[in-house]
Amino acid sequence: MNLTPKQKEVMDSFIKENPKILLASGAKRAGKTFVFVLLFLMHIAKYEGQGLSFIIGGATQASIRRNILNDMESVLGKELKLNKANAVTVFGNKLYCFDGANADAWKKARGFTAAGALLNEGTALHDSFVKEVISRCSYKGARVLIDTNPENPAHSVKTDYIDKDGQMLDNGRLNIRAFHFTLFDNIYLDPEYVESIIASTPTGMFTDRDIHGQWVSAEGVIYKDFRKDVHYITAEQFEKVNIVKYFAGVDWGYEHFGSIVVMGIDDKGNIYLIEEHAKQHEEIDYWVKVAKGIKERYGNINFYCDTARPEHIERFRRERFRALNADKAVVSGIEEVARLFKLNKLFIVSDNVKRFDKEIYLYVWNETTGEPVKQWDDVLDAVRYAIYTELKPQRRRDRGDKNA
Ligand SMILES: Nc1ncnc2c1ncn2[C@@H]1O[C@H](COP(=O)(O)OP(=O)(O)OP(=O)(O)O)[C@@H](O)[C@H]1O
Ligand SMILES: [Mg+2]
């Protein structure tokens, strides 16, 4: 099996420096998980037939299957079928799979004595789970491998481990070694594929993190690739577009603006914001009227709705609208919309928007929380719900999205 130079460095460290905790953080598709699966199997093989316990931690059982077990199966050349306790035997040892995203997940690892752990997507795991698993790895020679994409630089995976790269134990053994990966470290990716990833990754934080693997905080305007001269089209230009499907996004609001947007996809896969309805201080009856008008103009289309007000969604359903729960994952939803701007595949019919025109320049990141500031987001949230939820099946197909 051939490794990339970066993966070789990591393997060298694993064998020669023998750190207790080894981290690989950085870009997506950089080859982090691939090398860790190999190292973890090598580690388990050292204890062949001893009936010891090892831990695999991931955000969910489904993500462990997708990100770890499938790769492991191809290395081992055999199927890994988990039993009822989510465990499987490998090299005569027991491998336990724990989902570690929630605050009480650490309890699953309580009482364990493990000879090693592989933690996938460290920042998607709860801090208490990561710490519990590390403290459970108490068997002689136990190792912990953590791979992750970067997040806010204040994240505990960075401050508690990566920033302590080189830390030694009292007995003189290396405790922590951290490696940094960029997309360019994976020399086995097709150059054309790399080019297309770069072209479709939004400017700013997403490029810094996903391509260069840097732990940077989000800052400034959120949709940095938006450009009026490119993404605004007139109603007249829009008349020439061949829309093949319409759908809508709904963000409930009373003190804040409520908003319904109508979107369309054309025969080339471009998306258009066609109508914007944004109003303050309106009750649900008003929004039912707006939706009736939309249904008359565009047919019985999907309304992807903010789930914060289930009673409003219920009302929409009683009125016989196709009201569906929107996927509200904030940062990945923003990434999807931003990607469409970067690729010049999202257009706004400028004659039909007013509020959008303000929000697009005023919607900014909160640098401390890494989340958007909850202002100037009403129409943009409706747009995000619509696009992110509508494109979900396609995202799964095309990119095998880790979070989809
Ligand atoms: N040495 C290698 N030889 C062949 N293919 C490799 C090698 N290293 C990685 N790959 C392939 O490159 C792709 C990305 O690798 P991997 O999943 O390890 O990246 P990652 O850094 O974990 O990415 P993510 O952050 O998206 O999880 C995978 O399809 C993997 O099989
Ligand atoms: Mg990975």
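Here's a quick tour of this structure, covering its ligand, one of its strands and its cysteines. Keep in mind that you're looking at a predicted model. Ligand 1 sits among 16 surrounding residues, strand 14 pairs up with strands 8 and 11, and there are zero disulfides to look for.

**Around ligand 1**

- If you want to find the ligand's surroundings, start with N2, R29, K32, T33 and F34, which are the closest of the 16 residues around ligand 1.
- Helix 2, which spans residues 32-46, is the biggest giver here, with three residues in the shell around ligand 1.

**Polar atoms facing the ligand**

- At N2, look at the backbone: one of its N or O atoms is 2.8 Å from a nitrogen atom of ligand 1.
- Q7 uses its side chain instead, where an N or O atom lies 2.9 Å from a nitrogen atom of the ligand.
- R29 brings in a polar backbone atom, and this one is 2.8 Å from an oxygen atom of ligand 1.
- As for cover, ligand 1 has 620 Å² of accessible area on its own, and the protein covers 74% of that.

- Strand 14 takes in residues 346-349 and is covered on both faces.
- L346 and I348 are buried on one side of strand 14, while F347 and V349 are buried on the other.
- Strand 8 (residues 232-233) runs parallel to strand 14, and two bridges join them.
- To see that pairing up close, go to I233, whose bridge partner in strand 14 is V349.
- Strand 11 (residues 271-279) also runs parallel to strand 14, this time with three bridges between them.
- Here you can pick out I271, which stands opposite L346 of strand 14.

**Cysteines**

- How many disulfides does the structure hold? The count is zero.
- C137 is a handy example of a cysteine in no disulfide: the nearest cysteine sulfur belongs to C97 and is 14 Å away.
- Is C137 buried or exposed? C137 counts as buried because its relative accessible area is 3%, and the cut-off for buried is under 20%.
- C305 is buried as well, with a relative accessible area of 0%.

Notes: Residues numbered from 1 in each chain as written. Chains lettered and ligands numbered in written order. Predicted model: local features only at pLDDT ≥ 70, side-chain atom pairs only at ≥ 80, totals over all residues. Heavy atoms only, no water. Near = heavy atom within 4 Å. Polar contact = N/O pair within 3.5 Å; in protein donor to acceptor, adjacent residues only side chain to side chain. Areas by Shrake-Rupley, 256 points an atom, 1.4 Å probe, with all protein chains shown as cover. Helix = DSSP H or I, 4+ residues; strand = E, 2+ residues; numbered from the N terminus. Buried < 20%, exposed > 50% of the residue type's maximum accessible area, 1.4 Å probe, protein only. Pairing = 2+ DSSP bridges. Disulfide = S-S within 2.5 Å.
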